[in-house]
Amino acid sequence: MTDTLRDNATLHIPPNLTVRRSYDGEGGYQVAWGQGSQREQFVTHSPDLAACLATMPSDMSTDAATARLFTELGIDEDAAAKLVHDLVDYGYWSLEPAPLTLGEQRWRDVEWDDALEFHMATRNMIWSHDYTGDPKVITRYHVEHNVQPGSDPPTPYSPTVLTTVDLPEPAVPDVDFRQVVRKRRTGRDFRSTSINLQDLSTLLAWTFKPQFPAGQARYFTSQSYSRGAPFTAFVITGGDGAPTELESNFGVYHYAPERHQLGLVRRATDLDRLDALLWRQSYVNHAPTMLVICADWPQFSWKYRFSRAYRFVYAECGAFMHTALLIGTALGLKTFQTPAIDDQRMCDTLNVADYEVGPIYMAAFGRS
Ligand SMILES: Cc1cc2nc3c(=O)[nH]c(=O)nc-3n(C[C@H](O)[C@H](O)[C@H](O)COP(=O)(O)O)c2cc1C
């Protein structure tokens, strides 16, 4: 590399270079680039260096790079040359151009720049499962040995509630599976629909209460990559068709699977229509219940200590929702599902912070 640099090689900036204020709260700037396990980042407290690295042209000669650092940072020529050398070694500059591919460019064309940055940062991560010695955390990332966390898994999310409602024993829907999968369709009219507490009990238990193995259930009906309690569920009531045991309009309940109870988190008196939570998709108005599935981020991230696992949540959440939709259909309920949620409004309604309990997917249920 040293030889190539002596030849005044052309240096290239990686396509996903980002320079931003660091999260350290100490006025630093984070400079990051590279993909997956090759990703690198450092924090500098020099605004001049941060600005200089953020504004380098995509391609430039080694001499020009050295001259620029020399001029803009006020360091001597040898120090500037060494800095260029170190930045090449570290991957800030590469000797091969790495422009966006046509496919990646397409993400930018539709303004998916942020998603592209995240996608690139988390792809090609090298990690593995390591079950040796029955560890608490089986995933191994970037290290020779499985490094175990110093803490136990966080307890599943459990908000303070105003009152609780015990749910009846869930039913075992006695229906033909073929009929259920054929019957499940997205409904978009919930006028004059209702749901009773027994329906809700069955829906919530089969979806969110561990079912297997009998006696000491740890596993859910849905395939769940993360064991533990990856998701937490809320029910928001709407209209007159809600179970009579619950607040009728916009009562916000959290489901506690271990006690099979609903806990009233709040009465959402600031809500006038359910579609206010969905950027005005009016299909859900008049639905007696809205189910909201949220990721319990501390639970999930405690186990998966690499950011690529952020992608797993969505795969897993889809499976939980599909179970809810099939159970709802088996009970003869109409269903409508979407992840097109107004995040802020939903978090305010559920009284959660989305980095802790993140609303991901919602569905409305009601029987005609
Ligand atoms: C991830 C996802 C997001 C959806 N978002 C919406 C939505 O925002 N609005 C809507 O009307 N339908 C939405 N749907 C419903 C689809 O339009 C519907 O599933 C599709 O038309 C197929 O119809 P079916 O569910 O009756 O089989 C969504 C479905 C899925 C799986």
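Two residues are taken to be in contact if their C-beta atoms, placed from the backbone, lie within 7 Å. The structure is a predicted model, in which local features need pLDDT of at least 70, side-chain atom pairs count only at pLDDT 80 or more, and totals for chains, interfaces and linings use all residues. Residues are numbered from 1 along each chain as its sequence is written.

Under this contact criterion, Asp48, Leu49 and Cys52 of helix H2 meet Arg68, Leu69, Glu72 and Leu73 of helix H3. By class, this contact comprises four nonpolar, no polar and three charged residues (nonpolar: Ala, Val, Leu, Ile, Met, Phe, Trp, Tyr, Cys and Pro; charged: Asp, Glu, Lys and Arg; polar: the others, Gly among them). Helices are DSSP runs of H or I of at least four residues, numbered from the N terminus. The axes of H2 (residues 47-54) and H3 (residues 62-73) come within 10 Å and cross at roughly 150°, where axes are lines fitted to C-alpha atoms over the stretch in contact and angles run from 0 to 180 degrees between N-to-C directions.

The buried residues of H4 are Ala80, Val84 and Val88 (buried: 20 or more other C-beta atoms within 10 Å of the residue's own; exposed: 12 or fewer; partly exposed: in between). The face turned away from the buried side of H4 carries the exposed residues Asp78, Asp86 and Asp89. Gly91, with a positive phi near 100°, follows H4.

Conventions: Helices (H or I, at least four residues) and strands (E, at least two) are DSSP runs, numbered from the N terminus.
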